[in-house]
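Here is a protein model to walk through, one stretch at a time. Keep the sequence and the 3D view open side by side and follow along.

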Amino acid sequence: MLVSAKEMLTKAKAGKYAVGQFNINNLEWTKAILQTAQELNSPVILGVSEGAGKYMCGYTTIVGMVNGMINELGITVPVALHLDHGSYEGAMKCIEAGFSSVMFDGSHYPIEENLAKTKELVEICNSKGLSLEAEVGAIGGEEDGVVGSGEVADPEECKMIADLGVTMLAAGIGNIHGKYPANWAGLSFETLDGIQQLTGDMPLVLHGGTGIPADMIKKAISLGVSKINVNTECQLAFAEATRKYIEAGKDLEGKGFDPRKLLADGTAAIKATVKEKMELFGSVDKA
Ligand code: 13P
């Protein structure tokens with residue numbers, strides 16, 4: 001059964017570790033992440049961007065697939081199915097389709113509008129027992145064609161959004177989606193500390209988990225980050241393993257063209273990436 005992310009993140013914040021959000025793209029992705037979480041006895045959040053939602057034939061298809069897998073694979077660790085960087089309309093659609101968690105990303109609106117829309121969604125999510133993530137200060141890089149400029153959030157604005165009663169809060173602290181450029185300045189721990197001082201127990205979310213060095217991840221967790229999003233790193237690992245399979249000519253041997261074989265190495269690479277992240281984030285055996 002899908003669960004809200006509230007309990008797993010409250011525990012993570014108190015226990016000084018983070019739960020990984022891994023974005024899904026298809027059946028192989030979902031299976032690899034769920035199996036790894038179960039093997040490591042870790043809570044997990046499956047992230048779905050609006051673009052990936054369309055690709056996978058809509059939110060109800062995804063809810064059906066994920067619920068089916070939890071059942072058929074005997075997954076007993078806590079799993080939240082979460083909309084990533086949702087619009088207001090997208091969040092409403094996911095709530096209707098049976099997601100257990102949504103993100104409303106109002107960071108591109110003026111703060112008053114972000115506050116007003118987030119407030120409405122807090123009420124709706126609370127009434128249905130769902131978790132809600134809000135965002136302040138756009139996160140840099142490209143996500144579904146939307147390019148942000150790597151802002152640093154204003155801690156006072158973070159407090160205003162946190163006080164609305166959201167479950168978790170994403171704040172720009174110099175993080176970027178996708179690969180980090182060679183001249184990246186790193187995370188702004190000063191900003192993160194300022195935000196945590198004003199938001200208290202609120203679990204903070206670190207987007208753009210791909211390519212952040214381990215020591216920065218650990219420091220971010222020590223300063224209140226309880227959820228870390230990873231997407232690109234699984235895609236890179238999948239692509240590399242799949243490329244190697246084809247370059248080695250394995251698809252031409254026997255029935256190596258069978259998609260179940262063709263995608264097996266890539267799927268194993270996603271599992272290895274997810275395992276590495278869960279170990280780094282400290283969520284192993286925290287189910
Ligand atoms: P990366 O693709 O950089 O790992 O970021 C994922 C993310 O933050 C999804 O919201």
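**A walk through the model**

Let's begin at alanine 37, which sits in helix α2 (residues 27-40). Helices here are DSSP runs of H or I with at least four residues, strands are E runs of at least two, and both are numbered from the N terminus. A word on the source: this is a predicted model, where local features need pLDDT of at least 70 and side-chain atom pairs count only at pLDDT 80 or more, while totals for chains, interfaces and linings use all residues. Residues are numbered from 1 along each chain as its sequence is written.

Is alanine 37 buried or exposed? Alanine 37 counts as buried because it has 28 C-beta neighbours inside 10 Å. The cut-offs are these: 20 or more other C-beta atoms within 10 Å of a residue's own make it buried, 12 or fewer make it exposed, and anything in between is partly exposed, with C-beta atoms placed from the backbone. Setting aside residues up to four places away in sequence, alanine 37 touches Ser42, Val44, Val77 and Val79. Contact means that the two C-beta atoms, placed from the backbone, lie within 7 Å. Aspartate 163 is another matter: it is 126 residues from alanine 37 along the chain, and their C-alpha atoms are separated by 32 Å.

Now look at alanine 287, in the segment after α12 (264-281). Ser42 and Val77, both on the contact list of alanine 37, turn up again here: alanine 287 touches Asn41, Ser42, Pro43, Val77 and Pro78, again not counting residues up to four places away in sequence. Alanine 287 and glutamine 38 are 249 residues apart in sequence, yet 8.7 Å apart in space, C-alpha to C-alpha. Alanine 287 counts as partly exposed because it has 18 C-beta neighbours inside 10 Å.

Next, the core. In soluble globular proteins, nonpolar side chains tend to be buried together. The largest nonpolar core in this model has 70 residues, and the members that touch the most others are Ile33, Leu46, Val102, Leu169 and Ala171. Such a core is a set of buried Ala, Val, Leu, Ile, Met, Phe, Trp, Tyr and Cys residues joined through C-beta atoms within 7 Å. Take isoleucine 33: beyond four places in sequence, it touches Phe22, Ile24, Val44, Leu46 and Val274.

On to leucine 115, in helix α6 (residues 111-128). Leucine 115 is partly exposed because 18 other C-beta atoms lie within 10 Å. Its contacts, leaving aside neighbours within four places in sequence, are Met160, Ile161 and Leu164. Aspartate 163 comes up again as well: it is 48 residues from leucine 115 in sequence and 10.0 Å away in space, C-alpha to C-alpha.

Two packed helices are described by the angle between their axes and the distance between the axes. Here, the axes of α7 (residues 155-162) and α8 (residues 189-199) come within 9 Å and cross at roughly 35°. The axes are lines fitted to C-alpha atoms, for helices over the stretch in contact, and angles run from 0 to 180 degrees between N-to-C directions. Pro155, Cys158, Lys159 and Ala162 of α7 make the contact with Gly194, Ile195, Leu198 and Thr199 of α8. By class, that contact has five nonpolar, two polar and one charged residues. Ala, Val, Leu, Ile, Met, Phe, Trp, Tyr, Cys and Pro count as nonpolar, Asp, Glu, Lys and Arg as charged, and the others, Gly among them, as polar.

Threonine 232 is found in helix α10 and, apart from neighbours within four places in sequence, is in contact with Gly178, Lys179 and Thr210.

Histidine 85 has a positive phi of about 50° although it is not a glycine, and it is buried, with 25 other C-beta atoms within 10 Å.
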